[in-house]
Amino acid sequence: MKAITVMNRKGGVGKTTIALHLAACAAEMGLKTLLVDMDSQCNATTIVTRKVRKSSDLDIAVTDLWDEDSEMEFRKYDDFNFFILPGSEHAVAVPGQGTVNPEGMREARMAMDRLREFSFDLIVFDVPPAPGVLQLAPMLLGGVLVIPVIPDTLAVQGMVGAIRDRQMVLNSGVPLDMTILINKYKMTSANQSRMIEMLRKTVHKDSVLPEVFTDRVLAPDALREGKAVWQYAPRDPGASVWRRVCVRIVENLLNKEVEGGEDQEG
Ligand SMILES: Nc1ncnc2c1ncn2[C@@H]1O[C@H](COP(=O)(O)OP(=O)(O)O)[C@@H](O)[C@H]1O
Ligand SMILES: [Mg+2]
């Protein structure tokens, strides 16, 4: 089982949109894929289930991972080809979400480890912007941290927070790769162009992907139809950039497994 955590401490940078596309892409590549909605705002859940629901309307939710006695059962919805573990508005109440503490981390780690019991090839985590165990715990499964960032100061600040969290995970001995993905680039903005140039010069420049996702309604439009952008607009050059990037992130993660040769599951 491999994990991708999509995280930035800033909201609105495209975490949910990119997590959904990564899950759709991996499933298309033939991987048994689960998307876990860690965000109590449940945006990913709403998009996949196509309805605004309370968690009580769904059979299971992410918070069930914290309850050892709960029966976990995963399902797909409509056109989306991956499984989803729906979010819950009660997720904010899991131990350690308000203030991270050792006991909260321990429980969250156990909750994440429960996901190893199932036969998923890949699990994609869509996490909330608010710091807490819901953001940190998925990273402890290793794999890759994908940080979407809009070329603006606040989003870059959120990215720096995410990089710091990743360092903490590395310090605890868990290998976690990092990919920085520039999203919502407005090509007419000189300010944003400057910001991108700057991102390509920082110490983390090697983690910044060469491709950039531009600011277009394509992504929200596609998701509203239950599709990834490349399924929605197969001839659109912008859509093929989304696919290329998602394929590369997933492939890099799988290749690592071969190189490392230390994955004992499956
Ligand atoms: N490349 C893009 N171009 C235009 N709109 C986008 C793009 N990526 C995301 N969005 C839109 O921006 C908003 C925030 O994206 P979302 O994925 O929900 O961010 P987050 O999960 O980080 O809060 C949503 O309305 C989404 O449809
Ligand atoms: Mg989100």
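How many residues surround ligand 1, and which are the closest?

## Basis of the model

This is a predicted model, in which local features need pLDDT of at least 70 and side-chain atom pairs count only at pLDDT 80 or more, while totals for chains, interfaces and linings use all residues. Residues are numbered from 1 along each chain as its sequence is written, and chains are lettered from A and ligands numbered from 1 in the order in which they are written.

## Surroundings of ligand 1

Ligand 1 is surrounded by 16 residues, the closest being Gly14, Lys15, Thr16, Thr17 and Pro220; a residue is near a molecule if its C-beta atom, placed from the backbone, lies within 6 Å of it. By class, the shell holds 5 nonpolar, 7 polar and 4 charged residues (Ala, Val, Leu, Ile, Met, Phe, Trp, Tyr, Cys and Pro count as nonpolar, Asp, Glu, Lys and Arg as charged, and the others, Gly among them, as polar).

At least two shell residues come from each of helix 1 (15–28), strand 6 (176–185) and helix 7 (218–224). Helix 1 supplies the largest share, 3 residues. Helices (H or I, at least four residues) and strands (E, at least two) are DSSP runs, numbered from the N terminus.

In strand 1 (residues 2–6), 5 of 5 residues are buried, that is, 20 or more other C-beta atoms lie within 10 Å of the residue's own, with C-beta atoms placed from the backbone. In a regular strand, side chains alternate between the two faces of the sheet. Here Lys2, Ile4 and Val6 lie on one side and Ala3 and Thr5 on the other, and both faces are covered.

Strand 1 pairs in the parallel sense with strand 4 (residues 122–126) over 5 bridges and with strand 5 (residues 143–149) over 3 bridges; pairing requires that DSSP finds at least two bridges between two strands. Ile4 has a bridge partner in each: Val124 in strand 4 and Val144 in strand 5.

Conventions
Buried ≥ 20, exposed ≤ 12 C-beta atoms within 10 Å, placed from the backbone.
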